[in-house]
Amino acid sequence: MDNKILIDKIVNWLKMQVKSSNSKGLLVGISGGIDSAVVANLIKLACPDNSLGVILPINSSENSVEDANLLVKQCKISSLTVDISEEHSRLFEKSMEKLKNIGLYKDEYSRMTDANLRARLRMSTLYAIANNLGYMVVGTDNADETYTGYFTKYGDGGVDILPLKKIFKSDVYEMGEILGVPQSILSKAPSADLWENQTDEAEMGVSYDSIEKYMRGEKISEKDEKTILLLHQKSEHKRNLPPYFEI
């Protein structure tokens, strides 16, 4: 499908979601990356007077914050910044200290624990703001990330609607170009900005290009195919409701 037509279709879909849910508007967390940049533009088009971009730094890189603010200016979306670095540090340090006190702390899981806590604190903050406004929280995960499970359960995966869930990353970039997303966002390596120099592809161990080729049924290397299958299998729990005991 032509990506200009796709943009129009998603904007209309967003309008329908607001109407059918009796919501008052749409909100997205803006990270300075391409996915949230495209979603911010889409919700601004869908709800020109009732959309909000929220920037949530947690010891984030200066470049990410600068790009997030640049995006806000580009799409002219209303915005606010809530720095939750201190809250994250206090909660992380307090929790880990309690584990250390009883001899259960595991240092090898520390970095991922830190990263997931960041995503979950951002989710909680977005919902606190959205609840006060009567808005829906709009997610930014694309088809590649959904398939591989490259999102935090109850973190960036905790949203009301997902306009990009079936859209490949490459198409997200094309949509970004059409929408006028700043070049600094379009040209940088995809990153969740979870730690210094972190990139999506390095963390996953496979490129977005290989993921998309695999999902389209095209030939890729055996190594990449194994990596993608493993990511998909390990993250199956993220794509389903929690299992429950049934009487």
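Helices (H or I, at least four residues) and strands (E, at least two) are DSSP runs, numbered from the N terminus. By that count I34 lies in helix 2. The model is predicted: local features need pLDDT of at least 70, side-chain atom pairs count only at pLDDT 80 or more, and totals for chains, interfaces and linings use all residues. Residues are numbered from 1 along each chain as its sequence is written, and side-chain values use heavy atoms, with hydrogens and water left out.

**Helix 2 and helix 3**
- The axes (lines fitted to C-alpha atoms over the stretch in contact, with angles from 0 to 180 degrees between N-to-C directions) of helix 2 (residues 34–46) and helix 3 (residues 62–75) come within 10 Å and cross at roughly 25 degrees.
- Helix 2 is therefore roughly parallel to helix 3, a label for angles under 35 degrees.
- A37, A40, N41 and K44 of helix 2 meet L71, Q74 and C75 of helix 3, where contact means heavy atoms within 4.5 Å.

**Annotated residues**
- An unreviewed UniProt entry places a "binding site" feature at positions including I30 and I34; such annotations may be inferred rather than shown by experiment.
- I30 sits in the loop between strand 1 (25–29) and helix 2.
- Beyond four places in sequence, I34 touches K169, V172, Y173, G176, V181, I185 and L186.

Terms used. Angles under 35 degrees count as roughly parallel, over 145 as roughly antiparallel, 65 to 115 as roughly perpendicular and the rest as oblique.
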